[in-house]
Amino acid sequence: QVQLVQSGGGLVQAGGSLRLSCAVSGNTFSIDAMAWYRQAPENRRELVATLSSGGSANYADSVKGRFTVSRDNAKNTAYLQMNSLKPEDTDVYYCNAEIYNDNDLMGDYWGQGTQVTVSS
């Protein structure tokens with residue numbers, strides 16, 4: 001079974017940093033294009049950042065200049081580096097990624113979510 005496993009959340013003070021990880025297990029699986037989301041009010045997911053298969057990144061205006069999305073193909077892991085965190089960034093963050101098995105696209109998969117709490 002293909003799983004995206006997230007880690008790296010936690011509690012941080014305003015102005016601090018966290019790095020979220022999104023990893024797929026197995027030596028034949030890899031992450032291609034991916035995106036990071038967080039829960040908006042009333043459990044509606046908000047798009048935070050995207051990373052294309054070619055490596056182009058885009059960010060929501062609310063996080064632009066503070067967050068960076070990246071991918072490490074050797075580790076089958078995607079990251080969201082969050083700097084200059086604000087209390088308003090507090091949320092549950094999710095990764096969504098296209099997963100390949102060798103050269104075959106399997107589809108889109110979701111991570112389980114991880115809590116980020118920023119104190120003032």
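1. A quick term first: "buried" is under 20% relative accessible area, "exposed" is over 50%, and "partly exposed" sits in between (1.4 Å probe, protein chains only). By that cut-off C22, at 0% relative accessibility, counts as buried, and C95 gets 0% as well.

2. Housekeeping: this is a predicted model, where local features need pLDDT of at least 70, side-chain atom pairs count only at pLDDT 80 or more, and totals for chains, interfaces and linings use all residues. Residues are numbered from 1 along each chain as its sequence is written, and side-chain values use heavy atoms, leaving out hydrogens and water.

3. There is one disulfide (a pair of cysteine sulfur atoms within 2.5 Å). C22 and C95 form it, with sulfur atoms 2.0 Å apart. The pair links distant parts of the chain, C22 in strand β3 and C95 in strand β9, 73 residues apart. Strands here are DSSP E runs of at least two residues, numbered from the N terminus. The link is right-handed, with 70° about the S-S bond.

4. Now have a look at R66, in the loop between β6 (57–59) and β7. R66 is buried, at 10% relative accessible area. The backbone oxygen of S62 lies 2.8 Å from a polar atom of the R66 side chain.

5. R66 and S84 are 18 residues apart in sequence, yet 6.0 Å apart C-alpha to C-alpha.

Notes: Helices (H or I, at least four residues) and strands (E, at least two) are DSSP runs, numbered from the N terminus. A polar contact is a pair of N or O atoms within 3.5 Å; within protein, one must be able to donate a hydrogen and the other to accept it, and residues adjacent in sequence count only if both atoms are side-chain atoms.
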